[in-house]
Amino acid sequence: CFCQVTGNLDDCACDVETIDHFNNDQLFPKLQNLLESDYFRFYKVNLNKPCPFWTSSSHCGLRHCAVKPCSPNEVPEGIRSPSHNKYSADANKQLEECEKEQHLGAVDVSLSDETREALLDWSKYDDEAERFCVVDDEASPDSQYVDLLLNPERFTGYKGPEAWQIWNSIYEENCFKPYTVKRPLLPDSFRSSSGGEARKFYSWLDGQCVEKRAFYRLVSGLHASINIHLSARYLLDDNWFQREWGHNVTEFRQRFDSELTAGEGPKRLRNLYFLYLIELRALAKVLPFFQQPSFHLYTGRPEEDKKHKEQLLQILQLARSFPLHFDERSLFAGDEKEAAKLKEDIRLAFLNISKIMDCVDCFKCRLWGKLQTQGLGTVLKILFSERQIEALPMSSNQRPSFQLSRQEIVSLFNAFGRISTSVRELKNFRSMLAEER
Ligand code: FAD
């Protein structure tokens with residue numbers, strides 16, 4: 001059974017129970033374990049970029065929106081080494097050694113001429129044209145390491161017109177603007193009770209090509225996931241004596257209950273599963289990249305690095321074994337020229353979404369928004385690089401046609417970790433709702 005994006009909006013008739021069982025009992029615990037390792041917990045990000053689209057009112061000042069960056073000595077030296085961020089395979093280590101010996105970027109004279117040339121050539125390698133996402137300049141003094149475990153995604157109190165402006169821009173400006181419907185994503189409370197706006201929007205969406213529908217569903221799935229997290233780690237009590245975080249069933253119900261959302265909630269949850277399948281598919285496909293003997297999860301502690309690489313490969317093997325994979329072959333399958341144009345449209349639209357993240361006023365939301373859009377951008381890059389991944393050179397002397405930076409790797413796994421946690425949280429909410437009845 002493949003989950004195919006053809007036909008109507010709800011065409012992804014995959015078996016939710018199979019996904020739940022696979023995720024909750026097999027994948028989720030392994031992934032959580034890996035994400036606690038040093039390689040994955042430190043993410044370098046620039047949270048100070050100005051919003052390129054409008055003058056941002058100011059920073060929200062909400063207490064729970066604050067992000068605590070790491071002091072330099074908290075981050076393992078191996079992660080901080082400059083060449084580490086660019087190359088993940090053997091080139092990484094070789095360049096690093098070269099740089100250490102020659103101080104600042106020269107290539108080791110003891111290497112053969114071809115290797116030296118190849119390394120110099122790789123150092124110029126830039127996959128900008130294949131990226132679906134803006135990558136922060138890690139060398140910028142504004143970029144800082146953040147410990148993701150100490151800054152968890154949870155309720156922050158960020159809401160109202162500022163938050164809606166972001167979501168509206170994402171949907172209206174980037175989801176291939178529906179010209180017949182002016183404001184398809186007005187907050188639910190603003191909608192007419194007949195749900196007419198929603199109906200118009202979905203009939204517009206159904207008339208769109210498969211790729212644009214798929215794109216909308218990815219964004220909607222991400223939106224659903226963020227809202228599940230804030231409902232699952234809600235600030236239940238905040239006073240002098242205690243601060244309590246936990247599940248807020250009422251909040252969850254208001255966002256996802258079929259009756260309270262005029263049928264939209266369950267569709268949004270289906271979009272979450274759709275996103276899950278797409279991300280899982282990318283993990284399954286990228287296995288050969290991580291299997292390269294020259295690839296290291298380099299933190300400077302060889303024993304640990306080796307153990308974590310093994311754990312990572314087990315997770316990717318597990319992703320490969322999942323029986324209900326998403327079939328991305330139905331995407332961009334038409335006329336070659338048209339497909340290339342559509343792919344480029346989608347790439348540019350997604351690139352724009354990643355820029356909108358710099359307009360999010362709440363720093364904590366910006367951090368996780370940036371990480372998750374970068375992760376999804378990496379997923380798209382993987383899905384559309386199948387040939388390059390298969391053609392990865394076995395020898396480190398050849399220029400690889402597919403690369404992932406550390407930032408892309410960390411965002412890929414952490415973004416999937418968020419979606420996987422959302423699927424797990426749905427199980428918790430289901431049991432709590434059942435208890436209430
Ligand atoms: P919103 O979630 O703001 O949604 C606006 C409108 O979009 C809704 O009324 C509905 O019409 C439509 N909509 C809602 N969900 C979907 C969906 N899944 N698919 C399609 N349409 C939908 N808050 C936190 O507390 N913690 C966070 O970590 C956090 N991270 C955020 C990250 C980003 C990038 C953004 C933009 C916001 C974040 N927020 C976070 C805010 C949060 O997402 C909501 O915006 C906020 O809680 C207000 O919710 P709301 O009920 O007004 O509807």
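## Helix packing and core of a predicted model

The axes of helix α1 (residues 16-35) and helix α16 (residues 406-436) come within 9 Å of each other and cross at roughly 135°. Axes here are lines fitted to C-alpha atoms, for helices over the stretch in contact, and angles run from 0 to 180 degrees between N-to-C directions. α1 and α16 are therefore oblique to each other; angles under 35 degrees count as roughly parallel, over 145 as roughly antiparallel, 65 to 115 as roughly perpendicular and the rest as oblique. On the α1 side, the contact is made by I19, D20, N23, N24, L27, F28, L31, L34 and L35, and on the α16 side by F413, N414, G417, S420, V423, R424 and K427. Two residues are in contact if their C-beta atoms, placed from the backbone, lie within 7 Å. The residues of this contact divide into eight nonpolar, five polar and three charged. In this classification Ala, Val, Leu, Ile, Met, Phe, Trp, Tyr, Cys and Pro are nonpolar, Asp, Glu, Lys and Arg are charged, and the others, Gly among them, are polar.

The model is predicted: local features need pLDDT of at least 70, side-chain atom pairs count only at pLDDT 80 or more, and totals for chains, interfaces and linings use all residues. Residues are numbered from 1 along each chain as its sequence is written.

**Overall composition**

The protein has 16 helices and four strands, taken as DSSP runs numbered from the N terminus (helices H or I, at least four residues; strands E, at least two). Of the 437 residues, 37% are buried. A residue is buried if 20 or more other C-beta atoms lie within 10 Å of its own, exposed if 12 or fewer, and partly exposed in between, with C-beta atoms placed from the backbone. Among contacts between residues at least 6 apart in sequence, 78% join residues at least 24 apart.

**Helix pairs**

Two packed helices are described by the angle between their axes and the distance between the axes.

| Helix pair | Axes come within | Crossing angle |
|---|---|---|
| α1 and α16 | 9 Å | roughly 135° |
| α10 and α12 (residues 302-321) | 8 Å | roughly 115° |
| α13 and α14 (residues 363-383) | 10 Å | roughly 165° |

The angle between α13 and α14 makes these helices roughly antiparallel. Their contact is made by F350, I353 and S354 of α13 and T373, Q374, G377 and L380 of α14, comprising three nonpolar, four polar and no charged residues. Between α10 and α12, the contact is made by L280, L283 and A284 of α10 and L316, A319 and R320 of α12, and these divide into five nonpolar, no polar and one charged.

**Core and individual residues**

The largest nonpolar core has 77 residues, and L275, Y276 and V379 have the most contacts inside it. Such a core is a set of buried Ala, Val, Leu, Ile, Met, Phe, Trp, Tyr and Cys residues joined through C-beta atoms within 7 Å. Helix α10 (residues 264-285) supplies the largest share of this core, eleven residues. Not counting residues up to four places away in sequence, V379 touches I278, E279, A282 and L412.

L236 lies in strand β3 (residues 234-238) and is partly exposed, with 13 other C-beta atoms within 10 Å. Beyond residues up to four places away in sequence, L236 touches E244, W245, G246 and N248. A340, in helix α13 (residues 336-356), counts as exposed, with 11 C-beta neighbours inside 10 Å. The C-alpha atoms of A340 and G417 are separated by 31 Å.
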